[in-house]
Amino acid sequence: MTGRQARRSTSRFAIAFAALLGAQQAFADGFPWLDTLDAGDDVRDSGTRLVALPLDLHRLDREDGSPTTATIAVHGWNSAGYEWVYLLKALDDAESSTWFWRWDWNGCPGPAADALNERLATAPFTELDRIRLIGHSYGGVLVAAAAERWQGAVPLEVHAIAAPLAGVGDRCPYQTPTALPPKVAFHEWRTRHQLDGAFRRMPVDPQVVDLPGSNVTRLPATYNGRRLGHNWSVSWVAETLAGRTPDP
């Protein structure tokens, strides 16, 4: 390589490296880090930033320490993201890492569940004491499929919130789970059929299934003085999992 070629090569590398740093900084500035999400007046903007993430598994807390638990939120169909902000912040602590699984809600839950399980079979998840998987609505169907197929050595704690586990129509080859692997603890959080805007026009409550070994909680009619509906259910469960008693 001549001196001129070396200088050109160095220049191209410098330009590329500067562009990479600029892209990383822009991504970092707009990334929905947990400490930048607002569960108050700007919750809808925070939710928009969550669902704008590319399809993948994203860690939202800034990495430090040695967490023993991974908390992974799985959104439903056409999610606006805001329903997750309070839960993500409420369950974050020094012993837990916090993640968001951004998946194609126009797809079927089975392939998405397989993809998620493949990610959870890699580091850092294989070094944990527990993986806590929380799915809402159509995302609850996904986590149920993931639970049924779980073969990992790490215990899996699954929470399906306001999830139509009885079926998702004829478009996807989905079957209601009938059994749970030994390493799985499964929790169903069911809204009240006639109060849930997603289900109340259905003649039969799609949340009701017979899954041996599952723990079922029927949510109350109100929460913080308002109707406890489809999206509000996520915050109620967040308070319960955080060890607090939700106000009626």
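In the predicted model, helix α6 (residues 232-241) is mostly covered, with seven of its ten residues buried; helices here are DSSP runs of H or I of at least four residues and strands are E runs of at least two, numbered from the N terminus, and a residue counts as buried under 20% relative accessible area, as exposed over 50% and as partly exposed in between (1.4 Å probe, protein chains only). Because the model is predicted, local features need pLDDT of at least 70 and side-chain atom pairs count only at pLDDT 80 or more, whereas totals for chains, interfaces and linings use all residues. Residues are numbered from 1 along each chain as its sequence is written, and side-chain values use heavy atoms, with hydrogens and water left out.

The buried residues of α6 are S233, V234, S235, W236, V237, A238 and E239, and what covers them includes α3 (85-90), β4, β5, β6 and β8 (222-223). The helix is followed by G243, whose phi is positive, near 85°.

Helix α5 is likewise mostly covered, ten of its eleven residues being buried, and these pack against β2, β3, α4, β4, β5 and β6. Of the 37 residues in the largest nonpolar core, I72, V74, F125, I131, L133 and L165 touch the most other members; such a core is a set of buried Ala, Val, Leu, Ile, Met, Phe, Trp, Tyr and Cys residues joined through side-chain atoms within 4.5 Å. The elements that give two or more residues to this core are β2 (69-74), β3, α4, β4 (130-136), α5, β5 (156-161) and β6 (184-190), and the largest share, eight residues, comes from α5. Apart from this core lies another, of 26 residues, among them L34, L37, W84 and V234. Leaving aside neighbours within four places in sequence, F125 is in contact (heavy atoms within 4.5 Å) with L57, A70, I72, W99, R119, L120, I131 and V154.

A search of the whole structure finds five aromatic pairs, defined as rings of Phe, Tyr and Trp (its six-membered ring) with centres within 6.5 Å, where planes under 30 degrees apart count as stacked, over 60 as edge-to-face and the rest as tilted. The rings of W103 and Y138 have centres 5.4 Å apart and planes at 45°, so this pair is tilted. Since W103 lies in the loop between β3 (96-102) and α4 (109-120) and Y138 in helix α5 (residues 138-148), the pair ties together parts that are 35 residues apart in sequence. Both W103 and Y138 are buried.
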